[in-house]
Amino acid sequence: MSPRSAEVNEELRRRSRERLLQATVELVDERGYEATTLGDIADRAGSARGLISYYFPGKRQLLQSAVHRLMHRSLAAGLEREPRTDDGRERLARAIDAILGLAADHPVLMRTHMAGILQADGFVQCPEQQRLAALLRDTVERYGAADVDAEYPLLRALLMGAVFAVLLPGAPMPRARLRAELFQRYGLDWELGAPPGGGPPGGAPAAVPGQSSQRPQPCDLSK
């Protein structure tokens, strides 16, 4: 039998890494972070325990990469769902709905992810995070931001803040209210994206279709 080519080996490594990331999402969603061991993840993925150490420095880094992968896939699916569109305002609305939807659909996973970011190890730069960042940055560019380099990290910070507010134990903010605030800031009509039923929450600011609200001067939060 001839040895496998470099391309085949690379594809096998990619699939193995993908299985570990998917298993991490599933198990942390089901059991929580502390109750999920690296051995559990390897077993669910059908991989050897040592492969986790080969791909990831530790459990926290594995989780962040897994959540970034989920966020990228969810964002891509939301942006490209039918009917497909190149309209920048519609795409930004879909992006906001996709990220807020993750907080509602995966509260345990997203709460654990946010807690990990706030720890000393901070934000993990990984291929999954880079793909997520590129897609979100492209959304800001298509929206027509005057300064993409400044507006992208600001949008990222606003979305992270909204997710945190949805997940805050004991005092969560309503998802519809947070959506209305974000839509008002970017001048997005409530009916764009995937609006929840019932219309804007009472007392929420109304966006003017086609007109962005007055924006504060953003600062670069990427460093």
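This is a predicted model: local features need pLDDT of at least 70, side-chain atom pairs count only at pLDDT 80 or more; totals for chains, interfaces and linings use all residues.
**Start with the charged pairs**

Side chains of opposite charge can pair when their charged atoms come close. Across the whole structure, a search finds 19 salt bridges. The stops below visit some of them.

**Stop 1: Arg13 and Glu10**

Select Arg13 and Glu10. Their side chains form a salt bridge, with N to O at 3.0 Å. Both residues sit in helix α1, which covers residues 6-31. They are 3 residues apart, about one turn of the helix. Arg13 has a relative accessibility of 34%, so it counts as partly exposed. Glu10 is also partly exposed, because its relative accessible area is 45%.

**Stop 2: the network at Glu11**

Stay with the charged residues and select Glu11, Arg14 and Arg15. Salt bridges link these three in a network.

**Stop 3: Arg44 and Glu30**

Next, select Arg44 and Glu30. Here a salt bridge joins the two side chains, 3.2 Å from N to O. This pair links distant parts of the chain: Arg44 lies in helix α2 (residues 38-45) and Glu30 in helix α1, 14 residues apart. Is Glu30 buried or exposed? Glu30 has a relative accessible area of 53%, so it is exposed. Exposed means over 50%. Arg44, at 36% relative accessibility, counts as partly exposed.

**Stop 4: Arg142 and Asp86**

Select Arg142 and Asp86. They form a salt bridge whose closest N and O atoms are 3.3 Å apart. Again the pair links distant parts of the chain, 56 residues apart. Arg142 belongs to helix α7 (residues 127-143). Asp86 is in the loop between α4 (59-80) and α5 (88-105). Check the surface once more. Asp86 is exposed, at 65% relative accessibility. Arg142 is partly exposed, at 37% relative accessible area.

**Stop 5: where α1 meets α4**

Leave the pairs and show helices α1 and α4. Two packed helices are described by the angle between their axes and the distance between the axes. How do the axes of α1 and α4 cross? They come within 9 Å and cross at roughly 90°. Therefore α1 is roughly perpendicular to α4.

Colour the contact residues:

- On α1: Arg17, Glu18, Leu20, Leu21, Gln22, Thr24, Val25 and Val28.
- On α4: Leu62, Leu63, Ser65, Ala66, Arg69, Leu70 and Arg73.

Then colour by residue class. The contact of α1 with α4 holds 8 nonpolar, 3 polar and 4 charged residues.

Key. Residues are numbered from 1 along each chain as its sequence is written. Side-chain values use heavy atoms; hydrogens and water are left out. A salt bridge is a side-chain nitrogen of Lys or Arg within 4 Å of a carboxyl oxygen of Asp or Glu. Helices (H or I, at least four residues) and strands (E, at least two) are DSSP runs, numbered from the N terminus. Buried means under 20% relative accessible area, exposed over 50%, partly exposed in between (1.4 Å probe, protein chains only). Axes are lines fitted to C-alpha atoms, for helices over the stretch in contact, and angles run from 0 to 180 degrees between N-to-C directions. Angles under 35 degrees count as roughly parallel, over 145 as roughly antiparallel, 65 to 115 as roughly perpendicular and the rest as oblique. Contact means heavy atoms within 4.5 Å. Ala, Val, Leu, Ile, Met, Phe, Trp, Tyr, Cys and Pro count as nonpolar, Asp, Glu, Lys and Arg as charged, and the others, Gly among them, as polar.
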